[in-house]
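Hi,

Here is the structure I promised to pass on. Please open it alongside this note and follow along as you read.

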Amino acid sequence: MTITEGEYELVFEREFPNSLNMFHSSRDGVKMAVRYVQNVNYDGRIVKQPLFNRIYKNKYKNLSCRDSFEQTYTYGEQNFIKREATLDKYTYIRNDSVIYGINELEQKGICHFLYGVCFENTKIPIDHYFPMNMYKKDYPSLDEDTTISAMLFIAATADDVRHKMEIYKKEDSINIRYYSEKYYPEIMPVATEELILPNVSAEKISSNEIENILSLLQEKIEDSLIFNIIKRELTTFATKIDNRKRLVQEELDPLSPKLLIDKSFDEINTLINENKNAYFSLIAEQFRNAVNISDTKIKEKTKILKPTTTNTKKP
């Protein structure tokens, strides 16, 4: 279903499983996507340029949501306009554990690229959940019996420095390895850190332990640029863990595909058209935030739409 306002479109897509039978819920594996699209004049013809994409997919078993997948990314395969920045992040819930990944993150003047993945639990098959340009074989510590959780990042910042950070929660401690090097005009080491923190518990990584990690990194990592980048991603990971545990209520904005997945297209159509300007302003603001764009031509009306707090089922 497509709803248009001027040169922009809100597109809603719902995809059902290929096969259904009496032993499976009709919502098993349903995928809901919300897309923000711009109609662009390109080489004398009007083409559709995806700007912002949000996807949610659930998987139910015995009427209880067991696993889920979420992804947020900017643009798409088409490239009819100048890209200001790129973002592609995803989250899996598997076996009551969070996997949070960054396929791609680029912000001009800040970060040339960032790849990363965070595993709440490494005791599950994790090979297929790595982002592009990262490979499990490069992280042998993941296979150690004492490794419980892991957070891995590779980045290049605008000051031409490459960074690599590995954080492993072990049975008796949290081990952090950080290395950076200048790669232009010549390669030279910048910083190396080997840090150890005590565990709060012997369980999977917790948001409290992530806070302790960030406090130590802020003290030890002199490069504030990379610290702020990684802080943002670790904080997001911690929030997702607390949401999974239902320690905090998850806030879903009105255009969240997780919120819309159970609504019919007639319901969605009515919701949007009753306050079309506000919904288009909301998705435009989300796109600007994703790519760090300041665009004063689009009026901010998102305050009309209040976020929805939901008690979602435990994935």
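First, the ground rules. This is a predicted model, in which local features need pLDDT of at least 70 and side-chain atom pairs count only at pLDDT 80 or more, while totals for chains, interfaces and linings use all residues. Residues are numbered from 1 along each chain as its sequence is written, and side-chain values use heavy atoms, with hydrogens and water left out.

**The chain as a whole**

The chain has 5 helices and 14 strands (DSSP runs numbered from the N terminus: H or I of at least four residues for helices, E of at least two for strands). Of its 315 residues, 49% are buried (under 20% relative accessible area with a 1.4 Å probe, protein chains only; exposed is over 50%, and partly exposed lies in between). Taking contacts (heavy atoms within 4.5 Å) between residues at least 6 apart in sequence, 52% join residues at least 24 apart.

**Two cores**

A nonpolar core is a set of buried Ala, Val, Leu, Ile, Met, Phe, Trp, Tyr and Cys residues joined through side-chain atoms within 4.5 Å. The largest one has 59 residues, and those with the most contacts inside it are Leu-10, Phe-12, Ile-213, Leu-217, Leu-234 and Phe-237. Apart from it lies another core of 20 residues, including Tyr-73 and Met-134. Beyond its neighbours within four places in sequence, Phe-237 touches Val-98, Tyr-100, Met-151 and Ile-210, among others.

**H1 and H2**

Helix H1 (residues 207-220) and helix H2 (residues 224-245) have axes that come within 9 Å and cross at roughly 170 degrees (lines fitted to C-alpha atoms over the stretch in contact, with angles from 0 to 180 degrees between N-to-C directions). H1 and H2 are therefore roughly antiparallel, the term for angles over 145 degrees. Among the residues that meet are Ile-213 and Leu-217 in H1, and Leu-234 and Phe-237 in H2. In H1, Ile-213 and Leu-217 are among the buried residues, and the cover over the buried residues of H1 includes strand S10 (161-170), strand S11 (173-182), strand S12 (188-198) and H2.

**H5**

Helix H5 (residues 276-291) reaches 23 Å from its first C-alpha to its last, close to the 22 Å expected at 1.5 Å a residue (1.5 Å times one less than its number of residues). H5 is mostly covered, with 13 of its 16 residues buried. After H5 comes Asn-292, whose phi is positive, near 60 degrees.

Enjoy exploring!

Note on methods
Angles under 35 degrees count as roughly parallel, over 145 as roughly antiparallel, 65 to 115 as roughly perpendicular and the rest as oblique.
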